[in-house]
Amino acid sequence: TLASVLTEGVRNTIGDSRVKVTYEPEYVPAVPPAMPDIPLEQLAAMIKATVRVEVLDGNMAYLKIQHIIGEEMAQKVGPMLLEYIWDKILPTSAMILDFRSAISGEISGIPYIVSYYTDAEPQIHIDSVYDRTLDITTELWSMPTLLGKRYGTSKPLIILTSKNTLGVAEDVAYCLQNLKRATIVGENTAGGTVKIDKIRVGDTDFYVSVPSAKSINPITGKSWEIYGVAPDVSVPAEDALDTAIAIIQLRAE
């Protein structure tokens with residue numbers, strides 16, 4: 001109860017819905033296992049559990065992603081990703097990228113996804129991330145070389161969003177939207193952040209979750225954080241897929 005009251009008080013004071021106070025007597029900080037300790041088969045199973053790929057009628061690719069993997073994992077499971085996902089959807093004439101349930105991801109995965117929908121040259125400055133704890137700004141640029149072929153810049157790309165779309169997925173959607181490469185269909189996103197730190201309050205069992213990094217888009221000079229990414233076509237999340245299919249069909253006609 002006290003944690004809820006503190007959360008409400010802090011949010012009302014600073015106007016940031018991402019800050020949260022929790023009481024967790026049993027909390028143990030998660031330590032991600034080192035990449036070499038995870039068998040390739042297990043990594044493959046993890047990715048398949050968070051990705052759905054399908055070719056719809058009309059030669060449209062449908063790719064649903066719940067977690068955006070980072071650079072290290074992409075390097076390790078790249079050949080499997082090509083076989084299981086990319087080779088299936090590369091020949092399609094349009095793509096629907098479903099981020100409606102995407103709630104987690106790695107910052108290093110942002111250039112990977114964006115680059116598949118841009119040209120190799122010239123390189124594009126797609127985002128800048130300021131890390132408050134390190135006082136460092138990291139520029140994210142499109143990648144000149146990728147594993148496998150690019151989807152290209154001419155075929156229609158629609159990204160589906162919901163009020164639950166959170167964090168790194170919001171960043172990818174905002175980048176592609178402002179590069180005029182993708183049309184966003186669905187709901188305004190959650191307005192999260194690219195990085196959250198969980199800080200223990202003294203020797204208590206109270207913790208404060210607080211954003212520790214900020215995304216600043218080089219095109220708009222603004223951030224999608226707190227306010228979320230506004231869709232180009234606003235519809236309820238459950239209607240977003242049908243709307244996207246209708247838009248692609250209309251463009252084809």
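A polar contact pairs N or O atoms within 3.5 Å. By that cut-off, the side chains of E225 and R18 qualify, because they are joined at 3.3 Å. The model shown in these close-up views is predicted.

**View 1. E225 and its surroundings.**
E225 sits in the loop between β13 and β14. E225 counts as buried because its relative accessible area is 6%, and the limit is under 20%. The side chain of E225 makes a polar contact of 3.3 Å with the side chain of R18. The E225 side chain also reaches the backbone nitrogen of V194, at 3.5 Å.

**View 2. The salt-bridge network of D16, R18 and E225.**
Side chains of opposite charge can pair when their charged atoms come close. Here, salt bridges link D16, R18 and E225 in a network. Between D16 and R18, the closest N and O atoms are 2.8 Å apart. Both D16 and R18 are buried. E225 is buried as well, at 6% relative accessible area. The count for the model comes to six salt bridges.

**View 3. The salt bridge between K195 and D131.**
The side chains of K195 and D131 meet at 3.0 Å, N to O. This pair links distant parts of the chain, 64 residues apart. K195 belongs to the loop between β10 (183-186) and β11 (196-200). D131 belongs to strand β7 (residues 125-131). Are the two partners buried or exposed? K195 is partly exposed, with a relative accessible area of 28%. D131 is buried, with a relative accessible area of 11%.

**View 4. The salt bridge between R52 and E54.**
R52 and E54 pair through their side chains, with an N to O distance of 2.8 Å. R52 is partly exposed, at 45% relative accessible area. E54 is partly exposed too, at 31% relative accessibility.

**View 5. T220 in its loop.**
T220 lies between β13 (213-216) and β14 (233-234), in the loop. Its relative accessible area is 28%, so T220 is partly exposed. Which residues does T220 touch, apart from neighbours within four places in sequence? They are Y174 and N178. The side chains of T220 and Y174 are joined by a polar contact of 3.0 Å. A polar atom of the T220 side chain also lies 3.1 Å from the backbone nitrogen of K222. Y62 is 158 residues from T220 along the chain, and their C-alpha atoms are separated by 29 Å.

L2, V5 and L6 form a nonpolar patch on the surface. Together they have about 270 Å² of accessible area. V5 lies in helix α1 (residues 2-14). V5 is exposed, with a relative accessible area of 54%. V10 lies in helix α1. V10 is partly exposed, at 30% relative accessible area. Leaving aside neighbours within four places in sequence, V10 is in contact with G15 and V19. V10 and S215 are 205 residues apart in sequence, with 22 Å between their C-alpha atoms.

Most residues other than glycine have a negative phi, and most peptide bonds are trans. A cis peptide bond joins E121 and P122, with omega about -5°. P122 is in the loop between α4 (110-115) and β7. D135 is not a glycine, yet it has a positive phi of about 55°. D135 lies in the loop between β7 and β8 (136-141). D135 is exposed, with a relative accessible area of 57%. K180 is not a glycine either, and its positive phi is about 60°. K180 is found in the loop between α5 (168-178) and β10. K180 is exposed, with a relative accessible area of 74%.

The unreviewed UniProt entry places the feature "domain: Tail specific protease" at residues 39-236. Over residues 39-236, the chain is 24% helix and 30% strand. The end C-alpha atoms of this stretch are 40 Å apart.

How values were computed. Residues are numbered from 1 along each chain as its sequence is written. This is a predicted model: local features need pLDDT of at least 70, side-chain atom pairs count only at pLDDT 80 or more; totals for chains, interfaces and linings use all residues. Side-chain values use heavy atoms; hydrogens and water are left out. Helices (H or I, at least four residues) and strands (E, at least two) are DSSP runs, numbered from the N terminus. Buried means under 20% relative accessible area, exposed over 50%, partly exposed in between (1.4 Å probe, protein chains only). Contact means heavy atoms within 4.5 Å. A polar contact is a pair of N or O atoms within 3.5 Å; within protein, one must be able to donate a hydrogen and the other to accept it, and residues adjacent in sequence count only if both atoms are side-chain atoms. A salt bridge is a side-chain nitrogen of Lys or Arg within 4 Å of a carboxyl oxygen of Asp or Glu. Patches are made of residues with over 30% relative accessible area and no salt bridge: like charges are joined within 9 Å, nonpolar side chains (Val, Leu, Ile, Met, Phe, Trp, Tyr) within 5 Å. Accessible areas come from the Shrake-Rupley method with a 1.4 Å probe; for residues, only the protein chains shown count as cover. UniProt positions are given in the numbering used here, feature names are shortened, and annotations may be inferred rather than shown by experiment.
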